[in-house]
Amino acid sequence: MSRGRHGARRALAALGDHAILVAAALLSALPLYLMLVASFQRSSDFDGVALLPTLEPTFDNYSTVWGEFGFDRMFVNSVVLSMSAALIATVLAAGAAYGFTRFRFAGRGVLLGGLIGMMAIPAIVVIVPLFIVMSDLGLVNQHASGIVAEAGIQLPFAVFLLYSYMNDLPVELFEAAEVDGASRWRQFVEIALPLSRPALATTFVISAIYAWNDLLIPLVLWQTEQLTTLMVGLATLGPGRTGVRDIPLLMAGVTISILPLAIAFLLGRRGLVRGLVEGGDR
Amino acid sequence: MAAIELSEARKTFPNGVEALRGVDIAVADGELLVLVGPSGCGKTTALRAIAGLERLSSGVVRIGGEDVGDLEPADRDVAMVFQNYALYPNMTVARNIAFGLRARGVAKEVRERRVREIAQVLDIDALLDRKPRALSGGQRQRVAMGRAIVRDPRAFLMDEPLSNLDARLRVQMRGEIVRIQAELRTTTVYVTHDQVEAMTMGQRVAVMNDGAVLQCDTPQRLYDRPASSFVARFMGSPPMSLLLGRLVESGGDLRCELGDASLAIPAEVLRARPSLARFAGREVVAGVGPDGFRLAAPGAAAGALTGAVQLVEMLGSEVLVHVDVVAERPSNAVAGPPPAGGPGGPSGARMSGRFERGVSALVGDRVAVLIDPGQLDFFDPESGDALPREREDASAPVRRAAAGGGT
Amino acid sequence: MSGVPALRAARAYPWVLPALGVVGFVLAYPIVKVVQYSFTDRTTFLDGSFVGLDNYSELLRDEIFWRAFENNLILLLSVPLSIVIALAITGILYRGVRGSRLYELLIFIPFLPAVASIAVVFLYLLASDGPVNEMLRGVGADSLAHPWLTDERTAIWAVLGVVLWKRVGFTVLLFMARMASLDRTLFDAAAVDGARWTRTYWQVAVPQLRSIIQFAAVIGFIEAFSWTFAYIVILTRGGPDRSTFTLEYFLYRLQFDEQLVGLASAVAVVLLVAAVAVAAYRIWLARRETFA
């Protein structure tokens, strides 16, 4: 029944509310909108700004940046880095979480606390010695260095997530299995892992996303052109590379870098958001 | 101080639930009206509609004669006490109480004085600097009351404020609320699901079920003259017993047949309820209050109801006996869901009676149930409505204490 | 449980050792080394020797170090600023205007892309001939149009703007989630008591958000270590004329441009101390919560 809101005063307030929200939403969406618009513009027609979508959109920028500028290779490198690091981090963290929940041993508390405490250490603090060590081992510009380093950065948070989850699993399940004669390994594979599926998925996805988005480690450890990842490519392409002031090209490149995450977001919003919120905005 | 009125109030929630189906409630200025009913009957929705926390789908809310439908809760000048007290956790008791005054721009000295006055009246002045989490349930309840009283509003709206207290405290607070209300003479609408509370507190009580008001009357009249079978079985402890029977004419008299028993209907009952004559030869629901029957040994009287004792409750000053009798039970719509079967096995209808201490009955005993026909009440077997009476005769209640004790 | 403690421990090790090993190699060991290096004059090519606190005193005398430190603090303003802005937006969003779901989604979008990706986009937006300036000129505010990222006066503040843009959405999400779990009858009570929503929100709701606000602050400080590097690398390269250096970027340049391992490590130790301080604060907060 349309009595409407409580009178005119409320209507005015609602208008004000809307105005602020519209402003905030526009502000939030505008940069990405402009990015997309620019990415479909013909480079030759571009003069610094494209506020409205062109009537003659082109995919040229995408194909150029993909082929000529090596974004295809960079994309692969990003995939390799993020998937491998996420896999290693998840597997190792799962094992460690299991070990910490199901065993009692001297130093357990300290080791667990220390491991999770490492979440507080940002990569920039350790990048110098890390680089030196990798350099001494001859691993700079090898896949191993980037992947191991990235996995190492993601591990503390991964252990935190998986330990919290596994610790909440009912002890009785494991005790029953123990009484039934199942080995620790079997308990891990047949009870802990299957029951932890949501946490494992979350951990993997979160680690993969952070590794995908990371700039510092691939910048330092994967310096050759062969190994450049998308983020590194953007960082050096944009401001660095002479002659590349080609905005539409650049924006196409950025869009490619964002794409996987955008798709993941559209597919699995809730869980993704929840997990990312716990990890924070890096 | 103001009268409150709900006219044809209807409220349907977005999920399709019809909480109010045309409710009419009128509270006189200074009166304490209780809204009582089972969970989901709409009583809380009605209260919130008065407060402005829910907007009616249709219908009018009037406070002090004016239509307040467009006013926000903040502007209606009513105070509300919530079931969980809703005390602001980050504020001290003093600030909690003063919150409404601050919101209205009352000067600081005036505020502080009023808060101290109210705190003294409610005996919480020692708690003024504490935070809610450091208070007991009873103390929190008083603070909630203080917050409502200090504003001197036009009306108090209370949503089951005592449900979270232990039994003893509840009884004590009931008395205090009634006393305070009587002193302040502030119009009050009080919601509860506890019919005992309703009966002891309300000047008038409105019984609600399924979004409608079934009867709004003084507690005594609700008990003596229930307007429907729902009211009859909801109010009173134990409530009225309902049996399905048949009215037959026999030799110029009207008799009510219940199970094997055949009761002659006394002339005064017929006079009070002329509509009974129309039910001759038809089924009818008979209601018997807990004081309306006696128990006797089986076979003690010819044509009595037979039954088996299911439950005996010794209350010290009296005894409650629940008997499953060999008679038909009205439909669930009229009599409610059937009680769980006792040791005697599920059977016809259950009757609950109140007897003096000293009555001895054991579970499983077979007994004869002797009903006083003068205390029978009658209801339509389809709708559950009480059969209409000729005239409201306040001096002749249908139910009265049975003459003599039980077996 | 049966077995000798040492034996039991041995059974646990295979499970935890791999993770411990990697973390030790990537994080723990480097921490030790970085502290060690900070006391030497090591370079990439020369092992160098112990020099005590020389690196630190050199830093303290270096105006770039202090400029960087100052810039870090400026960028850290994004934490309290984003919290205040997010609180304001949450207050409006929570009220539930029509379409608030859509608003919530749009406001959250900046959170998703990588810092590097976003930085490149803003490189375009904030260019002298870019959309921001164009729009300013479009509404007649010509004088406001700036070379945002290349003007020494505005550069660091432009970066702060970008940081804010990216952070607010995430913070709003945090606050909205916590608001949803608050007791709604409190707001009803305040409404009946005579308070308008603004008063109710700031005096009743926000005090209850205290723990999530602290969480947002701590997270904000911790993450700052990561993004101050990425934004500066892309948006300004530390310029113009090293006026937008941050400690993280300073570290990076010292190591990878000037090969000064010792000095870079000293800066790293400064950051390490800050990181540990934030972590300690977080633990202290958590302790207080449980014993409240």
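Predicted model: local features only at pLDDT ≥ 70, side-chain atom pairs only at ≥ 80, totals over all residues.
## A walk through the chains, loop by loop

R185(B) sits in the loop that runs between helix 5 (167-184) and strand 8 (187-192) of chain B. R185(B) has a positive phi of about 55°, although it is not a glycine. That's worth a second look, since most residues other than glycine have a negative phi. Is R185(B) buried or exposed? R185(B) counts as exposed, because 12 other C-beta atoms lie within 10 Å and the cut-off for exposed is 12 or fewer.

R242(C) is not a glycine either, and its phi is positive at about 60°. You'll find R242(C) in the loop between helix 11 (210-235) and helix 12 (247-256) of chain C. With 17 C-beta neighbours inside 10 Å, R242(C) is partly exposed.

The peptide bond joining S237(B) and P238(B) is cis, with omega at about 0°. P238(B) belongs to the loop between helix 8 (229-234) and strand 11 (241-250) of chain B. For context, most peptide bonds are trans.

Move on along chain B and you come to a hairpin. Strand 12 (residues 253-258) and strand 13 of chain B pair in the antiparallel sense over four bridges. Two residues lie between the strands of this hairpin, and G259(B) takes a positive phi near 60° there. On the pairing itself, E257(B) has S262(B) as its bridge partner in strand 13 of chain B.

Next comes an open sheet in chain B, built from five strands in the order 15-19-16-17-18 with antiparallel pairing. Which strands stand at the edges? They are strand 15 (293-296) and strand 18 (349-356) of chain B; each has a single partner strand, so one side of each is left without a neighbour in the sheet. From one strand to the next, the twist averages 45°. In general, the strands of a sheet pair through backbone hydrogen bonds.

Inside that sheet, strand 16 (residues 305-314) and strand 19 (residues 366-371) of chain B pair in the antiparallel sense over four bridges. L305(B) has V369(B) as its bridge partner in strand 19 of chain B. Keep an eye on V369(B).

In all, 72 residues of chain A are in contact with 78 residues of chain C. Several helices of chain A give two or more residues to this side, among them helix 3 (71-102), helix 6 (143-167) and helix 12 (247-267). Helix 1 of chain A provides the largest share, 14 residues. What is this side of chain A made of? Its residues divide into 57 nonpolar, 11 polar and four charged.

Definitions and conventions: Residues numbered from 1 in each chain as written. Chains lettered and ligands numbered in written order. Contact = placed C-beta atoms within 7 Å. Nonpolar A, V, L, I, M, F, W, Y, C, P; charged D, E, K, R; others polar. Pairing = 2+ DSSP bridges. Axes fitted to C-alpha atoms, helices over the stretch in contact; angles between N-to-C directions. Buried ≥ 20, exposed ≤ 12 C-beta atoms within 10 Å, placed from the backbone.
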